[in-house]
Structure formats: structure tokens, C-alpha cells
Amino acid sequence: MSARVLVVDDVLPNVKVLEAKLTAEYFDVLTAFNGRDALETIYNEHPDIVLLDVMMPIMDGFEVCQKIKADPAIAHIPVVMVTALSGQQDRVRGLEAGADDFLTKPVDDVALFARVRSLVRLKMMMDELRLREETGQDFGVIDSTAASDGSEVRGRVLVIEDYEISAEAIRETLGDQHDIQIEPDCAHALERATTESFDLVIVSMAVENYDPLRFCSQIRSTEETRQLPILTLVDEGDSARLIKGLELGVSDYLMRPLERHELTARTRTQIRRKHYQDRLRSNYQRSMAMAVTDSLTGLFNRRYLNNHLENLLSHREDEGKPLSMLILDIDHFKRINDTHGHGVGDEVLKQFAQRMGLNLRGVDLAARIGGEEFVVVMPSTDLALAEGIAERLRRAVGDEPFKVNGTDQPLEVTCSIGVITARSGESPKEALARADAALYEAKHRGRNKVVKRIA
């Protein structure tokens, strides 16, 4: 996996060494020698990841990182601090500034490359979600003011640790901020992860009853847990497991012996990111739903019907089962709008759609295709059954007046319905045209009628 890497260090030899190593691994390397130039490069060149020295004059790495993470335009870019500082206090300060990782010089090359690739994979996934959200905002189906990084949200954490003293230390450290669930058995933990809702999994690489790397791979290969962050606890010097874990998709790691402040900081970072990703995915799903749904009635719209009807007709040919269709039109709907106003008309449309939903089956597809015109597609339904459903719909609409705010008396509303069964080889356009002809005949016969059309 290639990526654009920005190396920031005020010492030229350090920059050149990292540049040579990264170039040899086929990364595209950008360089900067102070914090101000680094920020300018980030805004102009949009790197995929930043390797940032801490000890720099004028503006140190902590300040640069804070500025990156404080700007929504570039906050999604991963930052790895690379420094000679090795104290836990410095590591925690870096994480508090928003750094995604903190590597100490001299940096192990294999660990560095694994971490860069891991963070770049995460960024690419986030970029795709952010792009989808921006598209939804452009179409006006996502409220950009609803953004929240989940920083104040209490997380639910599953800890896989079979050493009781270590497990209790984790619970004591994180229990005030998060709901901590300890599970010593990996197999049971995997079952819980797939059936319960968690924001983070913390996995000890020292558990004895199961291969913890196998557990991490199962988390990543299971649909329900694929996006669940994983924080691993690794023994000092166990670089082989650390690198393999990052290759498998582990989100972050901590070296033993554990430092409480660092554990707290890394846990908070992963939970914040999880809530941010959840928001992006939720917005995308909502925008997709709104793209195919009529906003007034909640039924599918014409776009969805046109695309889905072709698939349904194709399946009908393959399975040899009948497929029927209804077109419904509210009688004299213009008169309702003209007499009572469009607000009352909208309420009638909503109630009409609700009555349709109460009298259709789960397999039926209902869509609003025009102002007061609706279509119902019914798989595995012959003409006689479709006619009976249409008659039930007609009575459900016409037998009980509509109680609508803004009118003194309930409104008498009726509908006309055309019914057909799809022919072999018939296109969606041809099927809709025949159903529309049946609807026209129902209108011509005096409305509040169901008319089936065979030819």
C-alpha cells in the first residue's frame, strides 16, 4: 500500500534517513523542517500521514499536532510523533494533543512501516465515509451541524484478559469513564462481541487459553464486528506479535508495563473515533434512504421503483411466478388542495400512505410516483389475488373519513385503482402503461373503482 507521507524534523540528517527508508518502501515522501512549513504543506499537499518530530524551535510538535487536530479540514490526517523523548508523561502529552501514535527514536523500521500502513488504511476508509457525508450535505439530506466526535460519550469496553490482577487494574483505571466488561475466555468474548454492542475491545496478547491474534482476525472477518476498534496489550520486546496485529487490522497498542494515563488516553481516542465513524456511517445510510424515499409519505419514490421493478420482473421470469401491480390515484385530490390548502392535502397523502401500509403485505413494494399517484408491486401474486387486495385498499380508504387538522369535518376521500399482472418479457415501462390504462378506465367509470386489465 502506497501513501503520501510528510516527514517533519528540524534536523536535516533525520529527515533524509526517514525519507530514504520510506522511499525504499514505495511511499511518496514530502518533507518540512519546522512547524509552520509543515502546516503549509499539509494544507497544500494533503498528505495521508504525518511523521512529526517533537523537539523543534518556535513551534514544537505538540503545538503542531494540536493545530492539525483543531482544524476540521485536516483533523482526519493521522499524526505519528517520532522523537527521542521516551518518558510516559511525554507520550501521554502527545496523545492528549491528538497524536495517533508516539514512536521513540531510534525507530524500528518494521514497526514504523506497519504502523504507517495501518493508519493509512484507516484514513482511506474514513476519507470514503467523509466524502459520502459531504455528498449528502450537498444534496441537503444530512445536517452538517449535527457533527459530534463523541468525546463526551461514555464507552462500553470489552476486555479480554485472563490474568486477574491485570484485568482489575484495567477496570480500576477505566471504570470511572467507561462501562468495562472483563472476559477471560476468547471464544466467549467473540460471541459477546458479535451479539452485544461495544465501542472498543482491549485484547491482552498474553492470554493463554486462545491465540489472541486469531481472536483479532476473527473480529476483523466477522460482519458484526468488522469496524470495532481493537487495542492490544503487548509485552515489551514482543515486536513480532505487535507487527502481525497491525497487519491484521489492530487499531492501537500499548506496551507493558501499562501506564494508566496512557491507557486512559488511548482508550478515549479509540472511542471518540468509533463514535465519529458511527456518525459518518449513520449519515451515509440516512442519505441513501432519503435518496430512494418520498420524504412526505415515507414510501419509496419513483427512482427506486424504476430500478427495483426491473429486477422484480427479471426474477419473475427466472422463477416463473406471477407478479402483479396496482396503480392508485386519489380521486379529486386537486379539489382538496384548492378548498383546504396544501397543508391539508399533505396530511391526506400521509394518512393515505399509512392506510396503504396497514393493508399490504411485507413483501409488497409501495411507492409514491407523483402528486397523488401511488404504485404497489406484489411478487408471487396472480391477478385474482391482486384484485382482492386492491378492493381491500379501496375500502380502507373510502369507508372511513380522514380526520385532518385544519378542517371542521372529517374529509371523504376515495381512490381509483388499476390492476394488472405482468406479462412474460414485459418491460417496466410497458407494465406501468397497462396499469395506468386500467386506472384511467376506473376514473372513466366514475371513480372509487377497481379495474383489472388483462390485455
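Helices and strands are taken here as DSSP runs, numbered from the N terminus. The model is predicted, and its chain is divided into three parts: domain 1 (1-119), domain 2 (150-288) and domain 3 (302-453). Between the centres of domain 1 and domain 3, taken over C-alpha atoms, there are 61 Å.

UniProt, in an unreviewed entry, places the feature "domain: Response regulatory" at residues 4-120 and 156-271.

Helix H14 covers residues 383-398. Its 16 residues, at 1.5 Å a residue, should span 22 Å, and because the end C-alpha atoms are 22 Å apart, expectation and model agree. The buried residues of H14 are Leu383, Ala386, Ile389, Ala390, Leu393, Arg394, Val397 and Gly398. Seen down the axis of H14, these residues fall within an arc of 160°, so they line one face of the helix. The elements that cover the buried residues of H14 include helix H13 (342-358). Strands are also part of this cover, namely S11 (323-330), S13 (373-379), S14 (415-421) and S15 (450-452).

Aromatic rings give another view of the model. How many aromatic pairs does a search of the whole structure find? The search finds two. One is formed by Phe300 and Tyr304, whose rings are stacked, at 3.9 Å centre to centre with 10° between the planes. A pair counts as stacked when the planes are under 30 degrees apart. Phe300 is partly exposed, with a relative accessible area of 29%, and Tyr304, at 22% relative accessibility, also counts as partly exposed. Both assignments rest on the cut-off that buried means under 20% relative accessible area.

Phe352 and Phe374 form an aromatic pair that is tilted, with 4.9 Å centre to centre and 40° between the planes. This pair links distant parts of the chain: Phe352 belongs to helix H13 and Phe374 to strand S13, 22 residues apart.

Note on methods:
Residues are numbered from 1 along each chain as its sequence is written. This is a predicted model: local features need pLDDT of at least 70, side-chain atom pairs count only at pLDDT 80 or more; totals for chains, interfaces and linings use all residues. Side-chain values use heavy atoms; hydrogens and water are left out. Domain bounds come from an automatic or database domain assignment. UniProt positions are given in the numbering used here, feature names are shortened, and annotations may be inferred rather than shown by experiment. Helices (H or I, at least four residues) and strands (E, at least two) are DSSP runs, numbered from the N terminus. The expected span of a helix is 1.5 Å times one less than its number of residues. Buried means under 20% relative accessible area, exposed over 50%, partly exposed in between (1.4 Å probe, protein chains only). The arc is that of the directions from the helix axis to the C-beta atoms. Contact means heavy atoms within 4.5 Å. Rings of Phe, Tyr and Trp (its six-membered ring) pair if their centres lie within 6.5 Å; planes under 30 degrees apart count as stacked, over 60 as edge-to-face and the rest as tilted.
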